[in-house]
Amino acid sequence: MRGKAFKMSKLFILGAGFSKAVFPDEMPLMKDLADCIEAELDKFPDKFPKDSAYRKFMKDKDVEGLMTYLHQEIPWKPDYDIKYDEGLLLTLLDCIGEYITKCEEKAFQKPKQPPDWAKQFVRYLHEKELTVATFNYDTILERLSKELKPEKIEQSDSNIDIRGIYQIPISPLSLRASIGVALGDMGIVSLNTYRLLKLHGSINWFFARDMNFPGVPVYCVGFRENPNDIEYKINMAGLKPLIIPPVAEKAPFYGNQLVKILWAELKKAVDDADEIYCVGYSLPKSDYTTQIFFKTVINKVGRKVYIVNRESDSDVLIKNYEEALPDCELIKDYITDYKPVKKMVTDLK
């Protein structure tokens with residue numbers, strides 16, 4: 001967190017559409033995650049036959065519906081099914097994390113290069129020292145920041161220091177067992193850059209998955225970590241990715257203290273923002289917690305909210321925003337099927 005009060009003119013909230021805009025051929029949307037879930041179910045055809053309740057959600061690629069079904073203690077479920085579904089939910093979360101990691105690795109595989117406008121966006125965030133909140137699990141922003149950081153760390157307004165963008169009390173994995181002492185990519189050197197709030201966790205954040213202990217520490221894996229190193233394997237023992245599942249009611253998964261800090265910081269950022277850009281985020285009604293946040297925290301008379309999204313199926317999108325933010329001035333200039341995120345970045349000043 002920043003050590004001094006500051007006035008922020010813009011706040012960016014990113015959804016999966018942002019990552020898809022950066023790498024349209026590699027990064028998945030929510031419905032695309034159904035493929036990796038279907039593959040996991042296919043491993044156990046006896047447990048998950050084609051006519052099972054689980055498969056019915058997959059016919060519509062309804063990942064959120066399936067996850068919600070697994071999470072909720074539905075009254076007609078036997079107790080043993082409830083316990084089984086809890087375990088399946090966690091297994092599928094791990095699958096999603098692995099799938100997104102593979103998609104991201106493929107996206108950044110050389111000689112592929114992210115578009116110039118994406119680098120321009122990260123540099124803009126850095127130079128203005130803005131806050132960006134994301135519902136995405138991927139580390140595209142972190143990777144883009146790392147690519148723009150010089151080999152030698154310098155205190156310069158024109159260079160991005162990846163080690164300061166989280167600005168939350170999160171430890172490098174190397175410090176978990178005091179085996180590796182190098183801070184790698186995660187030593188906080190300077191806060192003179194943008195701040196990244198990962199509201200639903202991240203594929204490079206790990207914790208001992210204990211929802212009953214809010215203070216369980218969270219560790220971040222830097223890009224220099226080698227999964228084959230013995231130190232890495234020891235430090236990773238018992239850890240799972242901190243990923244908030246796409247269920248309708250996420251409150252039970254927001255118990256971790258780090259996640260609470262992220263949402264509290266987002267509220268402060270909203271209070272300081274004159275303009276909010278919702279980029280590639282559809283504000284689905286199925287996400288009750290976020291709906292409540294938009295209606296009670298973001299909704300304010302005269303506040304400008306820019307909707308940056310594809311025009312396809314925009315009727316539902318616009319309706320979601322109008323119902324959640326009736327007092328805001330909704331700017332729809334960036335609802336277009338021709339590279340809406342690039343258009344927004346080009347116009348930023």
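Colleague: Which elements each supply at least two residues of the lining of the second largest cavity?

Modeller: Three are listed: H1, helix H7 (140-148) and strand S4 (195-198). Keep in mind that this is a predicted model.

Colleague: Which element gives the most to that lining?

Modeller: H7 does, with three residues.

Colleague: How much space lies in the second largest cavity, and how many cavities of 30 Å³ or more are counted?

Modeller: The second largest cavity holds about 60 Å³ of space. The count is four cavities of 30 Å³ or more.

Colleague: Where do Phe 18 and Phe 121 lie?

Modeller: Phe 18 is in helix H1 (residues 16-22), and Phe 121 is in helix H6 (residues 116-128). The pair therefore ties together parts that are 103 residues apart in sequence. Both Phe 18 and Phe 121 are buried.

Colleague: What is the geometry of the pair Phe 48 and Tyr 54?

Modeller: Their ring centres are 5.1 Å apart and their planes stand at 85 degrees, so the pair is edge-to-face. The cut-off for that label is over 60 degrees.

Colleague: Is Tyr 54 buried or exposed?

Modeller: Buried means under 20% relative accessible area. Tyr 54 has 11%, so Tyr 54 is buried. Phe 48 is buried too, at 2%.

Colleague: Which residues form one aromatic cluster?

Modeller: Phe 135, Tyr 254, Trp 263, Tyr 281, Phe 293, Phe 294 and Tyr 321.

Colleague: Where does the charged end of Lys 77 sit?

Modeller: Over the ring of Tyr 69, 4.3 Å from its centre. Likewise, the charged end of Lys 47 sits over the ring of Phe 44, 5.5 Å from the ring centre.

Colleague: Now take one residue. Where is the place of Ile 276?

Modeller: Ile 276 belongs to strand S8 (residues 275-279). Its relative accessibility is 0%, so Ile 276 counts as buried.

Colleague: What is Ile 276 in contact with, leaving aside neighbours within four places in sequence?

Modeller: Its contacts include Leu 11, Ile 13, Val 270, Ile 298 and Tyr 306. Tyr 306 is 30 residues away along the chain, yet the C-alpha atoms of Ile 276 and Tyr 306 are separated by 6.1 Å.

Technical notes. Residues are numbered from 1 along each chain as its sequence is written. This is a predicted model: local features need pLDDT of at least 70, side-chain atom pairs count only at pLDDT 80 or more; totals for chains, interfaces and linings use all residues. Side-chain values use heavy atoms; hydrogens and water are left out. Helices (H or I, at least four residues) and strands (E, at least two) are DSSP runs, numbered from the N terminus. Buried means under 20% relative accessible area, exposed over 50%, partly exposed in between (1.4 Å probe, protein chains only). Contact means heavy atoms within 4.5 Å. Rings of Phe, Tyr and Trp (its six-membered ring) pair if their centres lie within 6.5 Å; planes under 30 degrees apart count as stacked, over 60 as edge-to-face and the rest as tilted. A charge sits over a ring if NZ of Lys or CZ of Arg is within 6 Å of the ring centre and within 35 degrees of the ring normal. On a 1 Å grid over the protein atoms alone, a cavity is a set of points where a 1.4 Å probe fits but cannot get out, and a pocket is an open set with protein on both sides within 12 Å along at least five of seven lines; lining residues have an atom within 4 Å of a point. Grid points are joined across faces, edges and corners, and a volume is the space filled by probe spheres set on the points.
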